[in-house]
Amino acid sequence: MATSEVQTVGSTADKLKLGLAIALVVASLAAFYVLSKQGALAQWGALIAGLAAAVVVFLLSETGKQFIAFGQDAVREVKKVVWPERKEAMQITAYVFVFVVVMALFLWLTDKTLEWVFYDLILGWKK
C-alpha cells in the first residue's frame with residue numbers, strides 16, 4: 001500500500017498569513033453587503049480590494065509559494081506534450097464519430113431484437 005504524504009502548515013507566521021487571508025475574504029464579503037446603501041461602486045470596490053489583498057497575503061505564505069511552484073511545473077509539463085498535427089487530429093476525430101455511429105446502430109439493433117424476442121415470441125404481445 002502506498003503511503004501518501006500529508007503536508008501541513010508549519011510555522012506560526014504561515015498560519016497567521018493564511019488566517020489573515022481568510023479574514024480578508026470574510027471582511028470583503030461583509031463590506032460588500034454593509035456598503036449596499038453607498039452604491040454599487042463602493043460595494044464592488046471594497047469587494048475587489050479585499051479579495052485582492054487576500055490573494056496577495058495568500059501568495060506570500062508558504063502554501064501560496066507552493067501553489068505558484070505547482071502552476072509553473074504544470075506549465076512546464078504542458079510544454080513537453082507533443083500535440084498531433086491537424087491531419088492526424090481530424091483522422092482520430094473521424095474514427096471516433098464512425099465508432100459512435102456503429103455502436104449506436106449496434107445498440108439499436110440489439111434493443112429491437114430483444115424487444116421482438118421478448119414481446120412477440122415469448123409473451124405473445126403483438127403491437
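**Figure 1. Salt bridges in the predicted model.** The tally here is three salt bridges, in what is a predicted model. Opposite charges on side chains can pair up once the charged atoms get close. The close-ups that follow take the pairs in turn.

**Figure 2. Arg-76 meets Asp-73 in a salt bridge.** The N to O distance for this pair is 2.4 Å. Both residues sit in helix H3 (residues 62-80), three residues apart, so about one helical turn separates Arg-76 from Asp-73. How accessible is Arg-76? Arg-76 comes out at 45% relative accessibility, so it counts as partly exposed. Asp-73 is partly exposed too, with a relative accessible area of 39%.

**Figure 3. Glu-77 pairs with Lys-80 in helix H3.** Here the closest N and O atoms are 3.2 Å apart. The spacing along helix H3 is three residues, about one turn of the helix. Is Lys-80 buried or exposed? Lys-80 counts as exposed, at 57% relative accessibility, while Glu-77 is partly exposed with a relative accessible area of 44%.

Figure 4. Glu-115 has a relative accessible area of 19%; the cut-off for buried is under 20%, so Glu-115 is buried.

Methods. Residues numbered from 1 in each chain as written. Predicted model: local features only at pLDDT ≥ 70, side-chain atom pairs only at ≥ 80, totals over all residues. Heavy atoms only, no water. Salt bridge = Lys/Arg side-chain N within 4 Å of Asp/Glu carboxyl O. Helix = DSSP H or I, 4+ residues; strand = E, 2+ residues; numbered from the N terminus. Buried < 20%, exposed > 50% of the residue type's maximum accessible area, 1.4 Å probe, protein only.
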